[in-house]
Amino acid sequence: MAAVDSFEFLYREISRSCSSYFETLALVGALYTASRAVILLRDCCTLVRVHFLPRMIPSKKLTQRFGDWAVIYGASEPVAKAYAEELARHGVSIIFVTQDHTSVRDTAASLSQNYGVETLVVLADFSLDQGASKPIKDAMRGKDVGFLVNCVDKSLASPQSLIEMPEHDLLDVVRRNVAVTTLMTRLVLPGMVERSRGAVVNISSGACCRPLPGRVTLTASTGYLDHFSRALHLEYSDKGIFVQSLIPFQIASSGRESSPSTASSAQGWFAPKPEVYARHAISTLGVSNRTTGYWPHTLQYGLMRCIPEWIWVVGSRVVISLS
């Protein structure tokens, strides 16, 4: 009886009967740890392949790979303007499509003077529906258009409830960030398909990765642009067209100008200037069809994926309430 009441005896009997379960659990734990290690190694290799190798290994000139001209829509945004300047630095001529020529006129003149490329500013009133297409088609006629860059309106980043937005402003947001970007792609794609080369770059925002309280229109607009890019790449990649979805996170103001649409004026490692971001992003062109474009932002995105969505939403609400 004393032996039965012995704790050591009970422990040995229980251990003997459960040893097979312990071994199974240990095997499951080892397999899970190995799978996480493989995923981490894969992500590290992808980070190096997308963000570092293209900057170290020489490649063909952009004009040879894609074309001599680029169409830029949304160049009033600092990121798109910096991207256009980086293309001009590589010898690509620029066609700016805008509804207000004053926002890009100085930029066009500066690019022509500094880099010796041709620039055109096309005024397009997209409220006229199909009537806006004609001046754009006329500007592209006879030109080797190899790039289309669409940029979402970052003024959407300002917190605003959906029911607080006037109906006219809401329709305008959908038109500019969904309808017009889709139309611009429809106008440029036929020439690219005919030449079997070209690149479509849609610059949205990391907001498409997680919902953000008070930013419904930003999340929805960038989410559309991201999924539109991925679907377009799936459909046209075998025709020589490279479609890239850029999803940057925080971008600082350039220092040369200040814009309310810029996320923050503070510069830092995780908030690069538009010029720095564009230089990194353009090196990923032809390498990754969906990327943040800037490797510290890719680290942020990797951390974001590890956070359950409900924790992310609660944390976002707390941060917004404190700001």
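Biologist: What percentage of the 323 residues in the chain do buried residues make up?

Modeller: Buried residues make up 43% of the 323 residues. Buried means under 20% relative accessible area, exposed means over 50%, and partly exposed lies in between, with a 1.4 Å probe and protein chains only. This is a predicted model, in which local features need pLDDT of at least 70 and side-chain atom pairs count only at pLDDT 80 or more, while totals for chains, interfaces and linings use all residues. Residues are numbered from 1 along each chain as its sequence is written, and side-chain values use heavy atoms, with hydrogens and water left out.

Biologist: How many helices and strands does the chain have?

Modeller: The chain has eleven helices and seven strands. Both are DSSP runs numbered from the N terminus: helices are H or I with at least four residues, and strands are E with at least two.

Biologist: And what share of the contacts with a separation of 6 or more comes from residues 24 or more positions apart?

Modeller: Such residues account for 72% of those contacts. Contact means heavy atoms within 4.5 Å.

Biologist: Let us turn to helix 5. Which of its residues are buried?

Modeller: In helix 5, residues 105-115, the buried residues are T107, A108 and L111. They lie on the same side of the helix, because they cover an arc of only 100 degrees around its axis. The arc is that of the directions from the helix axis to the C-beta atoms. In general, an α-helix has 3.6 residues a turn, so residues three or four places apart point the same way.

Biologist: Which residues are exposed on the other side of helix 5?

Modeller: D106 and Q113 are exposed there.

Biologist: What covers the buried residues of helix 5?

Modeller: The cover includes helix 4 (78-89), strand 2 (93-98) and strand 3 (119-123). As for T107, its relative accessible area is 13%, and it touches K81 and F96, not counting residues up to four places away in sequence.

Biologist: What happens just after helix 5?

Modeller: G116 takes a positive phi of about 70 degrees there. The loop between helix 5 and strand 3 also holds E118, which counts as exposed at 52% relative accessibility. Leaving aside residues up to four places away in sequence, E118 touches W69, S93, I94 and S112. The C-alpha atoms of E118 and G91 are separated by 9.3 Å, although the two are 27 residues apart along the chain.

Biologist: A change of topic: at what angle do helix 7 and helix 8 pack?

Modeller: Helix 7 and helix 8 (residues 216-236) pack at about 15 degrees, with their axes 10 Å apart. Axes are lines fitted to C-alpha atoms, for helices over the stretch in contact, and angles run from 0 to 180 degrees between N-to-C directions. Helix 7 and helix 8 are therefore roughly parallel to each other, a label given to angles under 35 degrees.

Biologist: Which residues make that contact?

Modeller: Helix 7 contributes residues including L170, V173 and N177, and among those of helix 8 are T217, Y224 and F228. By class, the contact has ten nonpolar, six polar and no charged residues. Ala, Val, Leu, Ile, Met, Phe, Trp, Tyr, Cys and Pro count as nonpolar, Asp, Glu, Lys and Arg as charged, and the others, Gly among them, as polar.

Biologist: How do helix 6 and helix 7 pack?

Modeller: Their angle is about 35 degrees, and their axes are 11 Å apart. The contact is made by S133, I136, K137 and M140 of helix 6 and L183, M184, L187 and V188 of helix 7. These divide into six nonpolar, one polar and one charged.

Biologist: Where is S196, and what is its phi?

Modeller: S196 is in the loop between helix 7 (167-195) and strand 5 (198-203). Its phi is near 60 degrees, a positive value in a residue other than glycine. S196 is partly exposed, with a relative accessible area of 48%.

Biologist: Finally, how many residues of helix 9 are buried?

Modeller: Nine of the ten residues of helix 9 (residues 274-283) are buried, so the helix is mostly covered. Its buried residues pack against helix 2 (53-56), helix 3 (62-65), helix 4, strand 6 (241-246) and helix 10 (295-306).

Definitions and conventions
Parallel < 35°, antiparallel > 145°, perpendicular 65-115°, else oblique.
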